[in-house]
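Open the structure in your viewer and keep the selection tool at hand. We will go from stop to stop.

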Amino acid sequence: MADRTRIPADDLAELIRAFDLGEVVDRRHLAEGLMNVNWRLDTRVGRFALKRVTDVPLERLRRNLAALPLLASYGVPAPAPLATTQGDVIAQIGGSAYCLFPWTPGEHIRGTDLSLAQVSELGAHLAGLHAALGRVVTNEGLPAVPASVTAEVTDAGQAVHKADRLAEAVTARGAGDSFDVAAGLALEQRKVLLDKHAHLRPEGDLPAGPHGWTHGDFQYRNLLWADGELTAILDWDRLGVRPYAEEVVRTTQVQFGVEGVFDLERVSAFVSGYRAVVPLEPDALLDAARRLWWKRMTDFWQLEFHYDRGDHSCDDLFLADEALLHWWTERLDVVERVFAGTA
């Protein structure tokens, strides 16, 4: 679908029948999504959030959606999907997969716009979510957690090879545009960073600390706030088994790594809020912080979207993440002490 903001007329007609919506009196594209595409639908029977899902196997999506009613029963603000007239939570129409949810009022608030009290509360929410997911497993709502998980640690040489391949794609554009210029410069600078800091690569593929089911993308685009309270956790496509510390650290990076710097005061408040509910050891957080830093050092996924897929939706993320990577690298010890609570 070339135009991400438009629901094809044939698809909409089928969706109305599939979910028995009656007349749709208004529809609005929700621009906050990056991967999936979302709309607000106003109908004669109510207001709904419609989501077109991409890059998720349908059986995995059904499994993830089936866990949401259980999570809601444990107090997690997870809106449950609505079923079609055939009893399925996914409507497959015109080669696309759609899900429908009741509309939840609220707004997406960037992490640095939250008060410190809200940041600490958000950390506690994530810890409560991890605990609730463990209860879902106990009640057979999700598969059992394996005894161990592994995390691949990319070799610096592999990352340089990938940077060279992408640099060739940039060069092939000729003069290119402003993004091509920025990407070409960033790739050269990244190779310098890799050469200088290769000795800091994390050791081994066994992350430290406990693991279990996690949300996978717990960040402001998937969180709704109203009247100062968290009202909804959205987008459960990436639900999966990971180290808990990995999700804690990744969330802080997306929430509080803004405009090329970490808001370290909010990082500390978020981690403290989490540890007040689930006592993660400092060693696990240190390990997760170093692994995420190295992952960002060796990963070029936004450029792969841009040059391999022709998908430019995440271009701004690359430029922001690149600035943060340089700031983070220069202050690696300081950032890690904040995660460990020893700063």
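How many residues apart are tryptophan 301 and phenylalanine 305 in helix α9? Select both in this predicted model. They are four residues apart in helix α9 (residues 301–309), so about one helical turn separates them.

Tryptophan 301 is partly exposed, at 23% relative accessibility. Phenylalanine 305 is buried, with a relative accessible area of 9%; the cut-off for buried is under 20%. Arginine 309 lies over the face of phenylalanine 305, 4.1 Å from the ring centre.

Next, the aromatic pairs. The count comes to eight. One of them joins phenylalanine 262 and tryptophan 328. Their ring centres are 5.0 Å apart, with 75° between the planes, which makes the pair edge-to-face. This pair links distant parts of the chain: phenylalanine 262 sits in strand β11 (residues 261–262) and tryptophan 328 in helix α10 (residues 315–330), 66 residues apart. Phenylalanine 262 is buried, at 5% relative accessible area. Tryptophan 328 is buried too, at 1%.

Together with Phe262 and Trp328, they form one aromatic cluster.

Move on to tyrosine 74. Arginine 135 lies over its face, 3.9 Å from the ring centre.

Last stop: alanine 31. Find it in the loop between β1 (24–30) and β2 (37–43). Alanine 31 is exposed, with a relative accessible area of 60%. Draw a distance from its C-alpha atom to that of arginine 290: the separation is 32 Å, across 259 residues along the chain.

Methods:
Residues are numbered from 1 along each chain as its sequence is written. This is a predicted model: local features need pLDDT of at least 70, side-chain atom pairs count only at pLDDT 80 or more; totals for chains, interfaces and linings use all residues. Side-chain values use heavy atoms; hydrogens and water are left out. Helices (H or I, at least four residues) and strands (E, at least two) are DSSP runs, numbered from the N terminus. Buried means under 20% relative accessible area, exposed over 50%, partly exposed in between (1.4 Å probe, protein chains only). Rings of Phe, Tyr and Trp (its six-membered ring) pair if their centres lie within 6.5 Å; planes under 30 degrees apart count as stacked, over 60 as edge-to-face and the rest as tilted. A charge sits over a ring if NZ of Lys or CZ of Arg is within 6 Å of the ring centre and within 35 degrees of the ring normal.
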